[in-house]
Amino acid sequence: LTLNVFAAGSSDSGSSKTKTQYDMAVSHINAAKKFEQKDKLDKAKVRYEKAQKLLIKSNILVSFSPTF
């Protein structure tokens with residue numbers, strides 16, 4: 001009798017999925033849109049500012065990386 005058991009969400013290879021700065025910016029923009037729908041404009045503004053900073057960082061990293 002052989003039984004293989006795997007834990008949910010575990011990864012032995014260490015290849016955990018991390019969000020890029022662009023993906024995080026998109027998440028902030030989506031959250032800001034939801035805040036705007038709820039008329040929470042101050043929170044939306046903060047999220048847009050965070051998204052803008054992340055997009056600028058992402059653009060700097062992409063512009064310096066060579067493409068072959």
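User: Where is Lys 38 found?
Analyst: In this predicted model, Lys 38 sits in the loop between helix H1 (21–37) and helix H2 (41–64).

User: Is Lys 38 buried or exposed there?
Analyst: Lys 38 is exposed, because its relative accessible area is 59% and the cut-off for exposed is over 50%.

User: Which residues gather with Lys 38 in the patch of positive charge?
Analyst: Lys 34, Lys 40 and Lys 43 gather with Lys 38 in that patch, which lies on the surface.

User: What about Asp 39, where is that residue found?
Analyst: Asp 39 is also found in the loop between H1 and H2. With 65% relative accessibility, Asp 39 counts as exposed.

User: What is the phi of Asp 39?
Analyst: The phi angle of Asp 39 is near 60°, which is a positive value in a residue other than glycine.

User: Changing topic: how many helices and strands are there in the chain?
Analyst: The chain has 2 helices and 0 strands.

User: And how much of the chain counts as buried?
Analyst: Of its 68 residues, 13% count as buried.

User: Let us take Ala 51. Where is its place, and is it buried or exposed?
Analyst: Ala 51 belongs to helix H2. Ala 51 is buried, because its relative accessible area is 1% and buried means under 20%.

User: Which residues does Ala 51 touch?
Analyst: Not counting residues up to four places away in sequence, Ala 51 touches Ala 25, His 28 and Ile 29.

User: What does His 28 touch, apart from residues up to four places away in sequence?
Analyst: His 28 touches Arg 47, Lys 50, Ala 51 and Leu 54.

User: One more, Ser 58. Where does it lie?
Analyst: Ser 58 lies in helix H2. At 14% relative accessibility, this serine counts as buried.

User: Which residues is Ser 58 in contact with, leaving aside neighbours within four places in sequence?
Analyst: Ser 58 is in contact with Gln 21 and Tyr 22.

How values were computed. Residues numbered from 1 in each chain as written. Predicted model: local features only at pLDDT ≥ 70, side-chain atom pairs only at ≥ 80, totals over all residues. Heavy atoms only, no water. Patch = residues over 30% accessible without salt bridge, like charges linked within 9 Å, V, L, I, M, F, W, Y side chains within 5 Å. Areas by Shrake-Rupley, 256 points an atom, 1.4 Å probe, with all protein chains shown as cover. Salt bridge = Lys/Arg side-chain N within 4 Å of Asp/Glu carboxyl O. Lys, Arg positive; Asp, Glu negative; His and termini not counted. Charge placed at Lys NZ, Arg CZ, Asp CG, Glu CD. Helix = DSSP H or I, 4+ residues; strand = E, 2+ residues; numbered from the N terminus. Buried < 20%, exposed > 50% of the residue type's maximum accessible area, 1.4 Å probe, protein only. Contact = heavy atoms within 4.5 Å.
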